[in-house]
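Student: I would like to learn how to read a protein model, one feature at a time. Where do we begin?

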Amino acid sequence: MNWYARIAPVYDLICRPLYAKLRTAAVDALQLNANECVVEIGCGTGLNIAALSKKSRQVIAVDCTAEMLDRAPQCFDNVEYLLGDSRAIASDSADAALLCLVLNVTDDWRGVLADAKRIVKTGGRIVIADVRPASGRLKFINWLAIPIADWSGAGNHRRDIWEECDGVTVLDRGFFCVRRCEV
Ligand SMILES: C[S@@+](CC[C@H](N)C(=O)[O-])C[C@H]1O[C@@H](n2cnc3c(N)ncnc32)[C@H](O)[C@@H]1O
């Protein structure tokens, strides 16, 4: 049983308030319109789904943990859930992709990011919203924030995802970080 299968019952309780600001910034950064299809890879319990559903024509949401996906909201007509990973989603099938709190926790983040690029049509957008260590004067908070983020499911956010994402632009600096790239 993976970590997310274990914490699924309490995930929303902790992660809904903890990442509320990050989620809003991430969905805004997607700049969706009502005719578009958006994919969320690693949708978890679906905390971004209501906002994505409201702002787009179609949402395809995939997650590899059944216990998380089982808790996702089923009340939206334009949302399709898939259990598994992003390889199940067809190429050039979406206008935008959201990777919210997933690259830091997945075993193969380069593969997931490459898959997002494959899925999103030319001219589309990918938004990465995740956690990274604070720098500069705020560095001192890492001693507390890193263990909390790891424990809460943000995973190993010392990974180099921020340095290696080609063409990804910083939109929001800070411990919680949103980046967007054009495909
Ligand atoms: C921290 S949760 C984030 C959930 C959601 N995106 C959110 O904002 O609350 C990470 C989720 O990513 C899923 N996950 C990790 N690696 C994945 C992969 N390669 N493909 C699909 N889902 C993945 C986990 O099962 C877990 O539900």
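Tutor: The chain has 7 helices and 7 strands. Helices (H or I, at least four residues) and strands (E, at least two) are DSSP runs, numbered from the N terminus. This is a predicted model: local features need pLDDT of at least 70, side-chain atom pairs count only at pLDDT 80 or more, and totals for chains, interfaces and linings use all residues. Residues are numbered from 1 along each chain as its sequence is written.

Student: What share of the 183 residues in the chain is buried?

Tutor: A residue is buried if 20 or more other C-beta atoms lie within 10 Å of its own, exposed if 12 or fewer, and partly exposed in between, with C-beta atoms placed from the backbone. Here buried residues make up 41% of the 183.

Student: How do I read strand 1 (residues 37-41), and is it enclosed or open?

Tutor: In a regular strand, side chains alternate between the two faces of the sheet. In strand 1, Cys-37, Val-39 and Ile-41 are buried on one side, and Val-38 and Glu-40 are buried on the other. Because 5 of its 5 residues are buried, strand 1 is largely enclosed by the rest of the structure.

Student: Which strands pair with strand 1?

Tutor: Two strands pair if DSSP finds at least two bridges between them. Strand 1 pairs with strand 2 (58-63) in the parallel sense over 5 bridges. Strand 1 also runs parallel to strand 4 (residues 94-100), joined by 3 bridges. Val-38 shows both pairings: it stands opposite Val-59 in strand 2 and opposite Ala-96 in strand 4.

Student: What do strand 1, helix 3 and strand 2 make together?

Tutor: A crossover is right-handed if, with the strands pointing away from the viewer, the path from the first strand over the helix to the second runs clockwise. Strand 1, helix 3 (residues 49-55) and strand 2 make a right-handed β-α-β unit.

Student: Where does helix 1 bend?

Tutor: The bend at a residue is the angle between axes fitted to the seven residues ending there and the seven starting there. Helix 1 bends by about 70° at Val-10. The expected span of a helix is 1.5 Å times one less than its number of residues. Helix 1 (residues 3-18) has 16 residues, and a straight helix would reach 22 Å, but its end C-alpha atoms are only 18 Å apart. Its buried residues are Tyr-4, Tyr-11 and Cys-15.

Student: Which residues come nearest to the ligand?

Tutor: A residue is near a molecule if its C-beta atom, placed from the backbone, lies within 6 Å of it. Of the 22 residues around the ligand, Gly-42, Gly-44, Thr-65, Asp-85 and Thr-106 come nearest. Helix 1 and strand 2 are the elements that give two or more residues to this shell.

Student: What is the phi of Gln-31, and is the residue buried or partly exposed?

Tutor: Phi of Gln-31 is near 50°, a positive value in a residue other than glycine. Gln-31 lies in the loop between helix 2 (20-30) and strand 1. Gln-31 has 13 C-beta neighbours inside 10 Å, so it counts as partly exposed.

Student: And where is Asp-92 found?

Tutor: Asp-92 is in the loop between strand 3 and strand 4, and its phi is also near 50°. With 11 C-beta neighbours inside 10 Å, Asp-92 counts as exposed.
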